[in-house]
Amino acid sequence: MSQTITVKIKLLPTKEQASILYEMSQTYISVINTLVSEMVAEKKSTKKSSKDIPVHLPSAVKNQAIKDAKSVFKKTRKNQFTSVPVLKKPVCIWNNQNYSFDYTHISMPIMVNGKATKIPICALLADKDNRNFDLLTYKLGTLRITKKSNKWIAQISVTIPTTRGTGLKIMGVDLGLKVPAVAVTDDEKVCFFGNGRQNKFKKRKFRSDRKALGKKKKLNAIRRSKDKEQRWMKDQDHKTSRAIVNFAKGNKISVIRLEQLAKIRQTTRTSRKNEKNLHTWSFYRLSQFIEYKANLEGINVEYVNPAYTSQTCPKCSEKNKAQGRKYKCKCGFEKHRDIIGAMNIRYAPVVDGKSQSA
Ligand SMILES: [Zn+2]
């Protein structure tokens with residue numbers, strides 16, 4: 001068993017390299033668009049090879065473009081040519097035989113003065129939390145380079161074996177505001193992550209600072225404060241997700257279960273009038289971070305139906321409302337209310353489709 005994920009790497013090309021990459025990626029998509037429209041016109045796949053395509057691209061890259069065009073054509077034919085996609089965003093793809101990566105540079109053939117030349121371009125693993133992920137021990141797939149709002153991004157697909165064998169060990173994770181995350185494993189190990197009170201305090205501080213700035217009409221400072229708050233929240237999500245995945249790894253977990261669309265929670269749990277909008281959090285992003293980091297460790301993430309996960313008795317399935325700090329059931333079951341959700345999420349019905357819909 002294995003799964004393929006995409007790792008993002010920031011590219012730092014020189015001005016000259018950047019203009020070459022731009023040129024190449026424009027050429028790349030125009031080759032694909034041309035080939036696709038030819039194939040659609042003839043209603044059959046192309047027989048062209050790299051030497052039939054008179055553009056300035058390394059032949060390996062041309063071959064990749066032909067391959068991509070063929071797969072676009074296949075999909076189009078499957079849809080009975082109802083819509084023929086036209087690529088607009090510049091992109092260029094190298095197959096895994098054609099590039100190398102050593103954490104600081106990606107080297108691949110680019111067109112220098114009309115000749116394909118292998119050049120190292122400065123690279124930076126974009127996701128700072130991936131530092132302890134040993135990319136190079138895995139099988140690397142294609143290298144995709146694209147430009148996003150003036151930044152050059154390299155995406156490398158990586159095939160990672162999933163940890164199976166010693167049976168399925170499941171861990172439920174409940175995301176919330178008061179307690180940012182609670183995990184409970186099959187063998188009843190419990191772990192709390194983050195500090196909801198501190199987060200709330202911090203967000204309130206950001207808000208009151210902005211209120212003061214608003215009175216002084218300092219609009220730029222308000223915007224900076226908003227950006228700062230966003231960065232801080234993202235950073236918290238990185239830390240929490242890392243801690244959760246480390247805990248899972250330490251307990252040899254093979255599946256992490258999360259609620260699907262956990263963000264519904266943030267409206268129901270913060271319905272107190274004065275708290276509205278004050279303490280919101282994107283559970284969606286935190287889920288995504290957990291999924292991404294877990295996958296890098298070969299741990300699967302599944303999403304479950306969130307209905308009644310905080311009310312159902314984990315022992316007898318009766319529904320109860322927690323009173324105060326404790327959750328009590330007629331059957332005698334009794335636990336701290338904050339861990340009920342995670343206990344139920346472990347064994348709740350898994351929602352079809354692997355990924356969480358936005
Ligand atoms: Zn019960």
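Student: How many bridges join strand β8 to β9?

Tutor: Five bridges join β8 (residues 170-175) to β9, and the two strands run antiparallel. Please note that this is a predicted model.

Student: In which sense do β9 and β10 pair?

Tutor: The pairing of β9 with β10 (residues 190-193) is antiparallel and extends over four bridges. Valine 184 stands opposite valine 190 in β10. These two strands also form a hairpin, with four residues between them. In that turn, glutamate 188 has a positive phi of about 65 degrees.

Student: Which residues of β9 point one way, and which the other?

Tutor: Ala181, Ala183 and Thr185 point one way from the strand, whereas Val182 and Val184 point the other way, and all are buried. Five of the five residues of β9 (residues 181-185) are therefore buried, so the strand is largely enclosed by the rest of the structure.

Student: Are glutamate 229 and arginine 210 buried or exposed?

Tutor: Both residues are buried. Their side chains meet in a salt bridge of 2.8 Å, N to O. Glutamate 229 belongs to helix α4 (residues 219-250) and arginine 210 to helix α3, so the pair ties together parts that are 19 residues apart in sequence. Lys203, Arg210 and Glu229 are linked in a network of salt bridges.

Student: Which parts of the chain does the pair of lysine 249 and glutamate 297 link?

Tutor: The two side chains meet in a salt bridge of 3.5 Å, N to O. This pair links distant parts of the chain, 48 residues apart: lysine 249 is in helix α4, and glutamate 297 is in the loop between α6 (283-296) and β12. Lysine 249 is partly exposed, with a relative accessible area of 46%; glutamate 297 is partly exposed as well, at 23% relative accessibility.

Student: Finally, which residues coordinate the zinc ion?

Tutor: The ligands are Cys313, Cys316, Cys329 and Cys331, each through SG, at 2.2 to 2.3 Å. To read the geometry, one examines the angles among the donors: four donors count as tetrahedral if all angles lie between 85 and 135 degrees. Here the angles among the four donor atoms are 103 to 112 degrees, and the site is tetrahedral.

Student: What spacing do the donors of the zinc ion follow along the chain?

Tutor: The spacing is C-x2-C-x12-C-x1-C. Cysteine 316 lies in the loop between β12 (300-304) and β13 (326-328), and cysteine 331 in the loop between β13 and β14 (334-336), so this pair ties together parts that are 15 residues apart in sequence. Cysteine 316 is partly exposed at 36% relative accessibility, and cysteine 331 is partly exposed with a relative accessible area of 33%.

Conventions. Residues numbered from 1 in each chain as written. Predicted model: local features only at pLDDT ≥ 70, side-chain atom pairs only at ≥ 80, totals over all residues. Heavy atoms only, no water. Donors = N, O, S within 2.8 Å, 3.2 Å for Na, K, Ca; no water. Tetrahedral: all angles 85-135°; square planar, octahedral: opposite > 155°, others 65-115°. Buried < 20%, exposed > 50% of the residue type's maximum accessible area, 1.4 Å probe, protein only. Pairing = 2+ DSSP bridges. Salt bridge = Lys/Arg side-chain N within 4 Å of Asp/Glu carboxyl O.
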